[in-house]
Amino acid sequence: MDKTNRSSNHEAEYTNYQGTPCQKNHRRAPRQKKHIFHWGILTIVLAFFAIPLVSLALYTIRRPLAGTWTTISWQQLFGMGDTASGVDLSELWNGVAASVFAAALTVAMMLVILVPTLVITRLYSKKLGKIVEFLSLLPLAIPAIALVVGLGPIYRIISQVLSTDAWWLAFAYTIIVLPYSYRSLDAGLRQLDVITLFEAAQTFGASWIRTLFTVVIPNLKTAIISACFISVAVVFGEYTIAALLGRNNLQTALFVINQNDSFIAAAMALLAMLFAMLLLIGVDVITTVANRSKSSKK
């Protein structure tokens with residue numbers, strides 16, 4: 001009899017700990033509503049951006065004067081050279097290659113500058129963190145033309161001493177991506193107790209560098225990916241600095257191609273915008289998956 005009472009008491013305690021089905025559903029309801037709201041907003045935003053994208057796609061395949069539909073612009077775009085219309089696409093693909101190379105260098109320099117700096121400010125000085133935040137957000141308040149005026153003499157020396165290659169633009173691009181990258185990395189670091197992680201790692205004999213690469217950076221994976229994606233999207237859409245400094249990138253090449261064949265330029269612009277949208281959607285998906293995994297672990 002006593003065993004039966006004990007087992008029933010244990011079952012009652014377990015049931016109370018787990019909660020009734022109504023309580024479980026009550027806990028899940030806010031999460032489900034938040035999830036539906038999140039994807040609802042994302043759907044509305046995507047639908048809003050789909051209108052100009054669809055219009056641009058129709059422009060590349062429709063010839064209103066002739067009243068015909070054709071894919072000749074897309075065929076010429078991927079011809080990788082001189083086309084039947086007399087447009088030389090080599091400059092366009094050189095601009096694409098320059099933007100890809102500049103984006104890779106920009107991401108590398110951004111991570112080297114921001115990640116250790118933000119970790120150091122979290123560990124040793126919060127006042128210094130305010131200064132770093134101010135300097136990182138400052139490019140938002142400086143117009144691109146003013147930035148070029150300051151960078152002009154530096155790039156003039158680089159052109160005379162080294163080369164005029166477009167990948168040197170990565171130094172300027174690192175400055176303009178700092179505000180967006182800083183916010184992403186700062187949000188990731190706010191979710192970590194950096195001081196405790198370093199103290200625990202050093203207790204086991206790990207050095208500062210080893211702790212940074214084996215403990216902190218793996219926990220910042222989502223924030224780092226987000227910062228990289230946003231930086232790439234900004235670099236691929238930049239025109240003012242490259243044009244004023246006389247360098248060739250994707251946007252300046254599109255401007256030149258547009259003077260000769262607007263349909264090919266529109267097709268390439270459409271691809272560039274779709275690429276940027278995929279990057280931003282990727283950031284949202286990665287963040288959502290990371291938040292789900294954290295909540296499931298809890």
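At what angle do the axes of helix H5 and helix H7 cross? Here is a friendly walk through the points I noted.

1. **Before you start.** This is a predicted model, in which local features need pLDDT of at least 70 and side-chain atom pairs count only at pLDDT 80 or more, while totals for chains, interfaces and linings use all residues. Residues are numbered from 1 along each chain as its sequence is written, and side-chain values use heavy atoms, with hydrogens and water left out.

2. **Helices H5 and H7.** Two packed helices are described by the angle between their axes and the distance between the axes. The axes of H5 (residues 126-137) and H7 (residues 170-190) cross at roughly 135° and come within 7 Å. That makes H5 oblique to H7. Helices here are DSSP runs of H or I with at least four residues, numbered from the N terminus. An axis is a line fitted to C-alpha atoms, for helices over the stretch in contact, and angles run from 0 to 180 degrees between N-to-C directions. Angles under 35 degrees count as roughly parallel, over 145 as roughly antiparallel, 65 to 115 as roughly perpendicular and the rest as oblique.

3. **Who touches whom there.** On the H5 side the contact is made by Gly129, Val132, Glu133, Ser136 and Leu137, and on the H7 side by Leu178, Pro179, Tyr182 and Arg183. Contact means heavy atoms within 4.5 Å. By class, the residues of the contact of H5 with H7 are five nonpolar, two polar and two charged. In this scheme Ala, Val, Leu, Ile, Met, Phe, Trp, Tyr, Cys and Pro are nonpolar, Asp, Glu, Lys and Arg are charged, and the others, Gly among them, are polar.

4. Arginine 183 forms a salt bridge with glutamate 133, with the closest N and O atoms 3.4 Å apart. Arginine 183 lies in H7 and glutamate 133 in H5, so the pair ties together parts that are 50 residues apart in sequence. A salt bridge is a side-chain nitrogen of Lys or Arg within 4 Å of a carboxyl oxygen of Asp or Glu, and by this rule the count comes to three. Glutamate 133 is buried at 18% relative accessible area, whereas arginine 183 is partly exposed at 42%. Buried means under 20% relative accessible area, exposed over 50% and partly exposed in between (1.4 Å probe, protein chains only).

5. Which residues are linked in a network of salt bridges? They are Arg122, Asp186 and Arg190. Arginine 122 and aspartate 186 have their closest N and O atoms 2.4 Å apart; arginine 122 sits in helix H4 (residues 90-124) and aspartate 186 in H7, 64 residues apart. For arginine 190 and aspartate 186, the closest N and O atoms are 2.8 Å apart. These two residues are four residues apart in H7, which means a separation of about one helical turn. Aspartate 186 is buried, at 3%, arginine 122 is partly exposed, at 23%, and arginine 190 is exposed, at 60%.

6. **Helices H4 and H8.** The axes of H4 and H8 (residues 194-203) come within 9 Å and cross at roughly 90°. That makes H4 roughly perpendicular to H8. Val119, Arg122 and Leu123 of H4 meet Val194, Ile195 and Phe198 of H8. The contact has five nonpolar, no polar and one charged residues.

7. **Alanine 103.** Also in H4, alanine 103 is buried, with a relative accessible area of 4%. Leaving aside neighbours within four places in sequence, alanine 103 is in contact with Val232, Val235 and Phe236. The C-alpha atoms of alanine 103 and threonine 174 are separated by 9.1 Å, although the two residues are 71 residues apart along the chain.

8. **Arginine 247.** Is arginine 247 buried or exposed? Arginine 247 is buried, with a relative accessible area of 9%. Arginine 247 belongs to the loop between helix H11 (240-244) and helix H12 (250-260). Beyond neighbours within four places in sequence, the contacts of arginine 247 include Tyr155, Asp165 and Thr252. A polar atom of the arginine 247 side chain lies 2.7 Å from the backbone oxygen of leucine 245.

9. **The start of H12.** Asparagine 249 caps the N-terminal end of H12, with a side-chain oxygen 3.3 Å from the backbone nitrogen of glutamine 251. The buried residues of H12 are Leu250, Thr252, Ala253, Leu254 and Ile257.

Methods. Polar contact = N/O pair within 3.5 Å; in protein donor to acceptor, adjacent residues only side chain to side chain.
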